[in-house]
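Here's a quick briefing for anyone opening this structure for the first time. Have a look at the sequence and the model, then read on.

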Amino acid sequence: MKRQPRSSPCFAKGLRTTSIIGTGSYAPEKRLTNDDLSRMVDTSDEWITTRTGIKERRIAAKDEQTSDMAAKAALRALEQANVKPEALDLILVATATPDMVFPATACFVQKKIGAKKAACFDVSAACAGFLFAVEIGQQFISSRTYEYVMVIGADKLTAITNWTDRNTCVLFGDGAGAALLAHRGDAHGVISTYMASDGKFSDILFMPGGGTKTPITRENAHMNLHTIHMSGKEVYKQAVTAMLAAAKKTIERAGLAVEDIACIIPHQANLRIIEAVGERLGIPREKVFVNVDRYGNTSAAAVAIALDEANRSGRIKKGDYVLMVVFGGGLTWASTIVEW
Ligand code: UT7
């Protein structure tokens, strides 16, 4: 018999439940394969495949911005839910690669999809941003402040990639994913959430330039400060530990057992990280959703795209407990369990 979730903070008195009523995603057409990369830097399909599980990634066009990808994903989620853009109360865009420092990329999305009455802002939590944004959106629906919240994870990491650094340039891709949040009485919706950060590790995954600390100047432009800097091994270690802890925490908070989870959708950065988290959690391989082979690490978009693919392909079904878990620069990490 299906186990019922414990009454978690998400069901506190006076609050209402929050469901994901539509999903959408978008990935640019252009594919960059491992063989293509082996002609750009000293690497090989064999190295990339065995160390990361990535086979290819999508690359946005020069004139295709984060907000363009985000808008396309959002429109698909709206279409699936049969909700008009004008009905949106709030648009949240989780991104580490905004179109501009300001205004928020969410404002550009608003303009592109015609969501006239929505309030808009961005969420900065790197690769973990989508679930941070889901948690924020959930609060507004649960508290009856808003009826429809569009949550988007979108990144154009290839715009901040150092294409001469083989340690990082083989890992990233571009894309966007979106989830439309609203109250629906026929499901528990979001039943458990967890978010965490540790600024002590802010220097193992970061982009040093472009902010107020180190503006990009004519003098330092050649130093690649405007690109991703990462201590891969250290990030790997922290990612496995943090994602495992976050997943366990949400399962425990929901009053569920690992066996109750029908599908786990982890951040798609590296197949070895995904497998390590799945194994240590004790979840069978077939319940773990993977698309890192086709997109690489798309940062805040990764789990959002995976969620849309799992939804549209029928991999997750009404009533399933779906666990998402993410990890990124900051460090930041989070997990959410949704009853689909
Ligand atoms: O979104 C969240 C953030 N990102 C992540 O979660 C990424 C986390 N880290 C990782 O996924 C892995 O650490 C990497 C895939 C980045 C690297 O894998 P690794 O098994 O930790 O490799 P490594 O850094 O220990 O490098 C092993 C060797 C090195 O050579 P030496 O020093 O042992 O001779 C690297 O220079 O592999 C070399 N190497 C490469 N060789 C061929 C590094 N990148 C490449 C490459 N092609 N692209």
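## Around the ligand

α7 gives the most to the shell around the ligand, with four residues. Before going further: this is a predicted model, where local features need pLDDT of at least 70, side-chain atom pairs count only at pLDDT 80 or more, and totals for chains, interfaces and linings use all residues. Residues are numbered from 1 along each chain as its sequence is written, and side-chain values use heavy atoms, with hydrogens and water left out.

**Who lines the ligand**

- There are 23 residues around the ligand, and T43, K233, H267, N270 and N297 come nearest. (A residue counts as near if one of its heavy atoms lies within 4 Å of the molecule or strand in question.)
- Four helices each supply at least two residues of that shell: α2 (45-52), α6 (166-169), α7 (232-254) and α8 (271-281). (Helices are DSSP runs of H or I with at least four residues, strands are runs of E with at least two, and both are numbered from the N terminus.)
- Sorted by class, the shell has eleven nonpolar, seven polar and five charged residues. (Nonpolar covers Ala, Val, Leu, Ile, Met, Phe, Trp, Tyr, Cys and Pro; charged covers Asp, Glu, Lys and Arg; the others, Gly among them, are polar.)

- The side chain of T43 has an N or O atom 2.6 Å from a nitrogen atom of the ligand. (A polar contact is a pair of N or O atoms within 3.5 Å; within protein, one must be able to donate a hydrogen and the other to accept it, and residues adjacent in sequence count only if both atoms are side-chain atoms.)
- R51 puts a polar side-chain atom 2.9 Å from an oxygen atom of the ligand.
- How much of the ligand does the protein cover? The ligand has 950 Å² of accessible area on its own, and the protein covers 76% of that. (Areas come from the Shrake-Rupley method with a 1.4 Å probe; for residues, only the protein chains shown count as cover.)

**Rings**

- The structure holds one aromatic pair. F140 and Y146 form that pair, which is tilted, at 5.1 Å centre to centre and 35° between the planes. (Rings of Phe, Tyr and Trp, the last by its six-membered ring, pair if their centres lie within 6.5 Å; planes under 30 degrees apart are stacked, over 60 edge-to-face, and the rest tilted.)
- F140 is partly exposed, at 25% relative accessible area, and Y146 is partly exposed too, at 21%. (Buried means under 20% relative accessible area, exposed over 50%, and partly exposed in between, using a 1.4 Å probe and protein chains only.)
- K2 lies over the face of Y321, 4.7 Å from the ring centre. (That label needs NZ of Lys or CZ of Arg within 6 Å of the ring centre and within 35 degrees of the ring normal.)

- Most residues other than glycine have a negative phi, and most peptide bonds are trans.
- The peptide bond from F102 to P103 is cis, with omega near 5°. P103 is found in the loop between β4 (90-94) and α4 (105-113).
- Another cis peptide bond runs from G330 to L331, with omega near -5°. L331 sits in the loop between β12 (321-328) and β13.
- N82 isn't a glycine, yet has a positive phi, near 60°. Its place is the loop between α3 (66-81) and β4, and N82 is exposed, at 67% relative accessible area.
- A126 has a positive phi as well, near 50°, and lies in the loop between β5 (119-123) and α5 (129-142).

**Buried spots and distances**

- T332 lies in strand β13 (residues 332-339) and counts as buried, at 8% relative accessibility. A polar atom of the T332 side chain is 3.1 Å from the backbone oxygen of A125.
- T105 belongs to helix α4 and is buried, at 0%.
- R184 lies in the loop between β7 (174-182) and β8 (189-197). R184 and K200 are 16 residues apart along the chain, and their C-alpha atoms are separated by 40 Å.
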